[in-house]
Amino acid sequence: MTKKNNIGLFAVKSKTVRNILRGILATDQPSVSRQAMRRLKKEATSSDLFRAFQFLISSPTAQHVSIAPIFPASIEDCTSAPYLGDNRLEADLAIQKARFGASEQELLRAIFSVAQINDAVFERNGGRVSQLLQEHADDFGISLFLMRKALSLRHTEFSKEAGLQLGAAIDPFLSKRRHLLAVAFEDSVDEQLSYIRVRRTFLSHVKDARVSRAVSPVLQDFMSPFSWTSEQGLAPLEAYSRWGVLDSLEFLERCLSDHSSRFKEDVAEKIHGVIPESVHKAWISTFGEDRFRDVIDLLQGDPDFLEYRLFRQSLALSEFHDVMEYRRRIEMGFGHRLDGVFKEGGTEQTLVDSGISKVEHLLPSRALSSLPELPVDTRTCGTFHRTLALAGALSTSGSTLEIAGGKDLLRLLDRTMDVSLLLSLSELTKFIPMRSGDRLYEYLRTALRFDADENRVSDHAYRRATQDIVGQDFGGDIVKFAQYLDDDAPNVAEHLFATCNEYFLTELYLLFEDSNAVINAQADLLEWYGDSRKDEDAALRAKSHRLNLRLRKVRGSIDDTRIYVDQLKFQYWAMETIASSLRELASISDAISDSSEAIPNLDDPIAAVEDPSAKLFQVLNLAYKEFCTNEFYGVDSYIGRRIRHGTLHGVLVAELKEPVDAIADQFALSSPEFSGFVRLWHTKVEAVVKAFGLELLRVKSSERKAGLIIPSIGDSDKRSTALSMLNSVASALAEDRGASVAISYIYDFCWLLLEIDLKRLRAAALAAQHELVIRPNQHISGSGSELEAQILDAARHLNTELQQRFEQLVGWLTRPSNVSPSATLSLLFHAVIHEVQGRYSGFFPKCVELGETGIDMFGHRFHTFYDVLFVLVDNAAKHGERTGEIHFDVQSKSVSPSISEITMSVTSALKSGREESSYHAINSAMTSDIGAAMLEDKNSGLRKIRVLVEEVDELSDFIVKFSEDRVTFSVVMSLPITGTDQRTDGAE
């Protein structure tokens, strides 16, 4: 595509430069070539550098040398080119002159191509735009110029209406790995994001050298295109040139159109000497026409934010002088504020009326202007210009605004934007000093201070002001406060809604006394917002919060009974196994009461014959062992199915992955070392949790020697409790109260004995947590920089997440407070869905409920159906499409006058392409030997249900059916008809 006017090596006058070129041609090592190229740029005169690059571009012998591409076909073409640095203006211009000279005709065609794309855009011809973008990419490859244009179009109403196909211009920047420049620019034009925060974030990356030297100048130019000083001149030129000659040309033409004093007088002359005259004339004649009105028509949307939209999108239309002149004037007056730098005075006074002294002077008094106008006319301007006028008025030394009170300030804030970011703290203090007695004013003042400088003091002040006005003026009803704001200042109401997340509401202690009240308040706000804004998503979230309140109760019951022992089954065992021994001991119970305080040898059969106390101790020890180890209804069984089987890993590891990934990604550029540490830390958490589950969270046995639940009352820590158990049971026997009473005592004391083992487990869990705590001081130097503050916050956040999860684990390791919980099958199903989501990423099924899902389950049936549902939903996530439908169907019928049969079915689609392997895995689990399924942690779920069907009298069948690409599991339960209605309304 380039013009091959070959020149010889001896066209270069300097022998030294010719030798450098020979070295470049001779080497096949990229690092050596880069060093030689840097030396070439540093040592060659402008004329020799021009001829050297002419040679490198045109000579067949130099085709293997890596230099910036003329028209790059891919990202790799650009990023593989060496960045030479040493930003000497003459050297950079000499290189560009050679590049432009070699591509003059192609540049003329490229300019015409861009003009055709613009015309199609302004004519709203979506098909033509898509076609021309593809043709441009085919002919001229990729460029930042067209990438910006396409990303900007993607955020217009035109793109949505016309269904533009923009991939030719943007896919190379977003496929495989999203390029930083594409991310930064798209974020800057995305109206869902705060432009100022995006701009400041990326500029901070540049300032702190977190971005490569080859990308940094372009990134700064994207965010703050008029921030280059006269000394820096054309600093981004080489960085742009790595993306091709079209980007170099666009940047230089943009510089030529900037007639501000920031460029030295001779710079324009030098640029003209580089760009071929035909190319410059083509650029001016093609893009010199006034298209400001066409641009405004393209950027349709909320007219009050038209100026802001034009400002944000302007760099995508940089070829139009009138558009960039609008951007330049605002940047020169207010750019430092957008960057977060607050200068004394400033040039913004030329853009605003200096006579602003009252709020009324800033409020509109005429119809909104159809075109952005400078200087700012506050009577007809939109929100962005009005905010600039406010900043300009307050920047005048000693000036302020007359604010009558809270309602006056409310009107102003509703018609401005990002005031807290565009004013310095000193300006804010002068603008809105403290004013006690006006609660609305104080709410708005503290909100601005909090947004401007988020810290503990401003956070506390803002929460206190919120509590004061909501509590004293609106009866504690935060929705009434939102409605009040919405009546006169809908934009301020939006701010309140955005602020009131769960974290913020939780700390409004005077308004909401517990977490349920917080969730209720969130649901109320979402319902109000959904209704007032016709926002279906908010309405759905409100319903989700309501359901969450009901699920919290169910999940609380589930968490409360993670460790459980079926009392009925234990008593059946005791009546069959130890009741006769207890009756025998009843006749000699006086001898037991008079025995010593020593615990006898529990394994000595002779002692049991000679000493009634020893005999009773052995009976009690047998009972406690059964209590702990029974694989169907004992402690180990419930720990296996309720904690070790997925839940332990899901809550402590899988659910922690999302915040870990977010923080690791956040610091990937700014602190790769900390980012890598966070990922390794999560791996360590997984290893520690796995060891805790495999080794410690066990009943001790010959195979599980590290288990912390010791199924013996002979344990030295249990001595006092064991003696109390002995004396209580002996007293019951002596009083002739029968074996059943003694057995109930034994069951209660077994829980007291288990508490000693659970205390050990809780201590071990807390020790594991302590081992995993992140010590942030190991990752900072103590400089107090913004980055180190962010690392400290991230470490605190992860430590809090870790603490909350281990607190949940510790909460499981306790005796249940309610052994007979209840819930509808619908709520149980949704609770299980929520729990399984913690185990499998991307598991967000569409739940379809059919039949009688409102049937109540209580007591042991609650536990049984929870265990069954957990396995069935877990299998749906493991084998099925994770975003597909899950059908939950409950059918009941009377099989006799006294028995009702309930069939509960879960149906899901098998994962596409893996139907055969899933079919074999499920069939294997349904037919293999049951073994010790209740105690195993992995690949034992379906076998656990088969065990329950055998052991639970009310469960009569467990069936699996395959139909095309779907699988249905059904469990059948027979229940006595009690004459009371067990059905309630199903969950929404």
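**A walk through the model**

Modeller: Let's start with L652, which counts as buried because its relative accessibility is 2%. L652 sits in helix α38, residues 647-666. Keep in mind that this is a predicted model.

Biologist: Stepping back, how many helices and strands does the protein have?

Modeller: Of its 988 residues, 54% count as buried. Among contacts between residues at least 6 apart in sequence, 71% join residues at least 24 apart. As for the elements, the protein has 46 helices and seven strands.

Biologist: Is α8 largely enclosed or left open by the rest of the structure?

Modeller: The buried residues of α8 include L144, F145, L146 and M147. R148 and K149 are also among the buried ones. Since 10 of the 11 residues of α8 are buried, the rest of the structure leaves it largely enclosed.

Biologist: How do the residues of the contact of α8 with α11 divide by class?

Modeller: The axes of α8 (residues 144-154) and α11 (residues 180-189) come within 9 Å and cross at roughly 35 degrees, and the crossing is right-handed. On the α8 side the contact is made by L144, M147, R148, L151, S152 and R154, and on the α11 side by L181, A182, F185, E186 and V189. Sorted by class, that contact of α8 with α11 has seven nonpolar, one polar and three charged residues.

Biologist: Is α6 roughly parallel or antiparallel to α7?

Modeller: The axes of α6 (residues 104-122) and α7 (residues 126-140) come within 9 Å and cross at roughly 165 degrees. Angles over 145 degrees count as roughly antiparallel. So α6 is roughly antiparallel to α7.

Biologist: How many residues of α15 are buried?

Modeller: α15 runs over residues 245-257 and reaches 18 Å from its first C-alpha to its last, close to the 18 Å expected at 1.5 Å a residue. The helix is mostly covered, and the buried count is 13 of its 13 residues.

Biologist: Let's do a loop. Which residues does A81 touch, leaving aside its neighbours within four places in sequence?

Modeller: A81 is in the loop between α4 (75-79) and α5 (89-102), and its relative accessible area of 3% makes it buried. The C-alpha atoms of A81 and R34 are 9.0 Å apart, although 47 residues separate them along the chain. Leaving aside neighbours within four places in sequence, A81 touches S66, I67, A68, P69 and R242.

Biologist: Is Q522 buried or exposed?

Modeller: Q522 belongs to helix α30, residues 515-533. Its contacts, apart from neighbours within four places in sequence, are C500, N501, E502, L505 and H545. Under 20% relative accessible area is the cut-off, so at 11% Q522 counts as buried.

Biologist: What about K534, is it buried or exposed?

Modeller: K534 lies in the loop between α30 and α31 (536-560). It has a positive phi of about 55 degrees although it is not a glycine. With 68% relative accessibility, K534 counts as exposed.

Biologist: And what is the phi of A209?

Modeller: A209 is in the loop between α12 (195-207) and α13 (216-223). At 62% relative accessibility it counts as exposed. It is not a glycine, yet its phi is positive, at about 60 degrees.

Biologist: Last one: is the peptide bond from L374 to P375 cis or trans?

Modeller: P375 lies in the loop between α20 (321-338) and α21 (383-395). With omega near 0 degrees, the bond from L374 to P375 is cis.

Key. Residues are numbered from 1 along each chain as its sequence is written. This is a predicted model: local features need pLDDT of at least 70, side-chain atom pairs count only at pLDDT 80 or more; totals for chains, interfaces and linings use all residues. Side-chain values use heavy atoms; hydrogens and water are left out. Helices (H or I, at least four residues) and strands (E, at least two) are DSSP runs, numbered from the N terminus. The expected span of a helix is 1.5 Å times one less than its number of residues. Buried means under 20% relative accessible area, exposed over 50%, partly exposed in between (1.4 Å probe, protein chains only). Axes are lines fitted to C-alpha atoms, for helices over the stretch in contact, and angles run from 0 to 180 degrees between N-to-C directions. Angles under 35 degrees count as roughly parallel, over 145 as roughly antiparallel, 65 to 115 as roughly perpendicular and the rest as oblique. A crossing is left-handed if the near helix is turned anticlockwise from the far one by less than a right angle, and right-handed if clockwise. Contact means heavy atoms within 4.5 Å. Ala, Val, Leu, Ile, Met, Phe, Trp, Tyr, Cys and Pro count as nonpolar, Asp, Glu, Lys and Arg as charged, and the others, Gly among them, as polar.
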